Amino acid sequence: MDVALNPASDIPQRDPATVMRLARLGSFHQSRLSFMRILTRRMKREGWTFSRPVFEIDAKGVGHAVYCAHTPDRTYSLVAFAHDLPAEKRSDRVIAEAWDSTFTMFDGVPTAADIERLRANIPLQEAGRVTESELSVSRANRSVRLWDYMVSCLAEGQQPDPAEVAKVGYLMRTTAVYGSGKLGAADREVIAARPECAAPFQIEMLSVFLTRTYVRDLMQHMANLKGGERAVTLAPETARSMGIGNSTGLGMAPFIVNHPMLFNNWISAREEAIARVRNLAAASATDVTLFKGLLVRSAHSAAQWRSEHPIQIEKLQELRQDMAALSAHVEQAELQSDRPWNRLYQWAASNLGVDAQECLASLMLEPYGDLVDDLADTMAHTQTNTFRINGAMSVSRLIGILDDAYGWALDVDWDAKEHCARAWYVSAEKLEPRLGERFEEPIAPYEQPLAPGRDAAALRAALADWAPDDAIAAFLLAHPEHRHTVRRAQVVARAPYAEIRDNTIGSDLLPIDMLRCKLSFFGATHFDPRSDRWVRICMFGNAPYPEDLQSRDADFWPYPNGTVAAS
Amino acid sequence: MSYSLNEIEALAKRAARGGGLSWGISEEAAKAVRWLTSHGLPGGEALAGLLIQNDGIATDQTAPCALDGEWRASGGALCPLSSGSAINDCAERLATGTDISMRDVSYPLLVVPFAAWAALHITAHVGVSWGGLRVVTDGNGLSISDPDDALLVTKAPQLSCAQVTTATGALSQPLSRGEVSPGAWATLNDFAQRTYAPATEASRRLGAGAGASDND
């Protein structure tokens, strides 16, 4: 692919003041830089192979299986335990104590002794304990209706109706995937130097990718046992359409506030990719054709996206209308010369809602893997020096940072009830992050530091009593309560996308915006809020299975319906 | 028991906060415990002891009164976490050859990680000395001269921190796991518990916001 970079590449990354608003972050879409796609591209490029050395599951659906992914250098094994779960115990909440299946990603190939050790711990999840040999721990519950329907169909020799399958889109949904040292597993630092772990969450994504295969195999196994000779094998097209669901609650929302540097690196990578493409002087006919094809498929995906949540229904309606308007515009627009992508983006910014703008921003990157895919390696948090506070910084410099990055927050009346109506806290029960009503529940003493805007405004006010040349070290000695916020401010001074520039404790906060932003970077599609703080998504829907990674497109799979030539 | 370093850091942060420290100091306390345990040192035990000792004492009583001359607290012994944070904030002083000395420091072992981060910042070796013992670090590695009981004292009458320019020999490198004794772990858990809001029926139902049934 020839890329004609304009020598005067003067379109900068988008302003953080625009990007980091919750309404926009909550409208993000997956892109080439999503973690699932980074993984599938690598698996294909490096020719990973896969095996299933163990599948011992009885007629009740109880037993275990092992799925191995062999990279050029090592093997990762998903160890899956299948359970017979009574319906009354099925809960997606983190407070659940039993699941349909439980999993761990083992670093290497587990021995029989390892399996027995894991069998005593993995089914217990948080109540169990793992070791440095394990890289993640996870669990999944069935979509009961679809599971029963598909097992019955196949057992009776019938193919399930693809339309019925599409209504749910997955047979099981994961309810937590723990990595990075949780429950005694290996810390991220143990694997961070491995090339396949350079991008964030690659082990967790691999775990879900293999889980999808296990779930397909388990469902088929149960249908075969039930139907005997009458049973048929699920049509590959139907299997491929299915992903793994994920049910995500509030726990994920604090993550992007608690990891400002990491969050910055995700956003910054995508923003840099968008800026590179907007700066292209021209586009080839091939690039435009690819873009147009994916735009059609993206509109098709939006048409298939279902939700019963009023907010999401409204957003979907606007997105579908905007996608139609975008498609009509693209049909008549000149897209090959005079910075075509920048012109298209600017047209969208003036004519479409933020959901469609972000969809377009992600779509524009698709023809340009050679130009943007290298940014995947910048998305992890490797800048270990950002934790240290620079105590030599002057008060006036810190004030400048606050005025620039938190300007939106400085004029807010933080004592007004509507601006501080909520408080984030951790429950004593299962240590689950929750969001409560500050003026209705006794939670304020337990508040977590998840309101950077309010805290920055308080810091700014405290600094008013200090001389411009005073060192921050002296200020912090007198005011240790601002230490957390000074650190954040110094991070955002060098990482402009580190901070959500919106109120995270206001009465109108929608935590699902924070969830969608994070999940879009995972590569999730079809966000389906179940409330303002709980969302279901689909992962790896339409992706190749391990056995067809080499024979099918391993890049454009998030866009269903039809195929395009692999890049 | 063997823990991942993230587990140790996560619990230490909540424990420090539960012990009444600010969020910012708690974050640094947690990283300090992580750093020490990765070197096989009893960081978890030291934090547990410190939190018990200072429980209920206002933090301004144990922070350095000023950053000039010999550092001392206004009411009793210096907290190694607020003193350590201040050392790191003033790391440039060490680069210019100025020593930092303190009087009456609780659990001096907890000062060492802060000196390590200062060493990383000024790209030099930094030594921390108390009770006839010297710990030298370049930020990542560590060497301890004559490790004995002084390492684990609950209070050092004098402590000094300075850039080290002489040869120090090989430094031990961090491990990927940490050990914390069951007693210290339980103490840290007790302090962490103070940061958790007691669950109510309302918070159970509303706070996490899940749907009514997952059997669909």
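Good morning. The model is a predicted one, in which local features need pLDDT of at least 70, side-chain atom pairs count only at pLDDT 80 or more, and totals for chains, interfaces and linings use all residues. Residues are numbered from 1 along each chain as its sequence is written, while chains are lettered from A and ligands numbered from 1 in the order in which they are written.

I begin with the sheet. Helices and strands here are DSSP runs numbered from the N terminus, with at least four residues of H or I for a helix and at least two of E for a strand. Two strands are taken to pair if DSSP finds at least two bridges between them. On that basis, chain A holds an open sheet of nine strands in the order 1-2-3-4-5-6-7-11-10, and its pairing is mixed. Its edges are strand 1 (49-57) and strand 10 (525-531) of chain A, each of which pairs on one side only. On average, and with direction ignored, neighbouring strands are turned by 25 degrees against each other; axes are lines fitted to C-alpha atoms, for helices over the stretch in contact, and angles run from 0 to 180 degrees between N-to-C directions.

Within this sheet, seven bridges link strand 3 (residues 75-82) and strand 4 (residues 101-107) of chain A in the antiparallel sense. Opposite A:Leu78 stands A:Met105, in strand 4 of chain A. Helix 4 (residues 112-119) of chain A packs on the sheet and touches strand 2 (63-70), strand 3 and strand 4 of chain A. Contact between two residues requires their C-beta atoms, placed from the backbone, to lie within 7 Å. The direction of helix 4 of chain A makes about 45 degrees with that of strand 3 of chain A. Helix 22 (residues 511-522) of chain A also packs on the sheet, touching strand 7 (243-248), strand 10 and strand 11 (534-539) of chain A, and its direction makes about 15 degrees with that of strand 11.

I turn to backbone geometry. A:Leu183 has a positive phi of about 60 degrees although it is not a glycine. This residue lies in the loop between strand 6 (170-178) and helix 7 (188-191) of chain A. Is A:Leu183 buried or exposed? A:Leu183 is buried, with 22 other C-beta atoms within 10 Å; the cut-offs are 20 or more for buried, 12 or fewer for exposed, and partly exposed in between, with C-beta atoms placed from the backbone. In chain B, Tyr107 has a positive phi of about 40 degrees and is likewise not a glycine. B:Tyr107 sits in the loop between strand 2 (100-106) and helix 7 (112-122) of chain B, and counts as buried with 27 C-beta neighbours inside 10 Å.

Next, the interface. Chain B contributes 41 residues to the contact and chain A 53. On the chain B side, helix 2 of chain B gives the largest share, five residues. Strand 8 (residues 422-427) of chain A and strand 8 of chain B run parallel, joined by two bridges. There, A:Val426 has B:Tyr196 as its bridge partner.

Finally, the domains. An automatic or database domain assignment supplies the bounds: domain 1 (16-31 + 262-380 + 508-522) and domain 2 (48-249) of chain A. Nine residues of domain 1 are in contact with six residues of domain 2. Helix 22 of chain A gives the most to the domain 1 side, with three residues.
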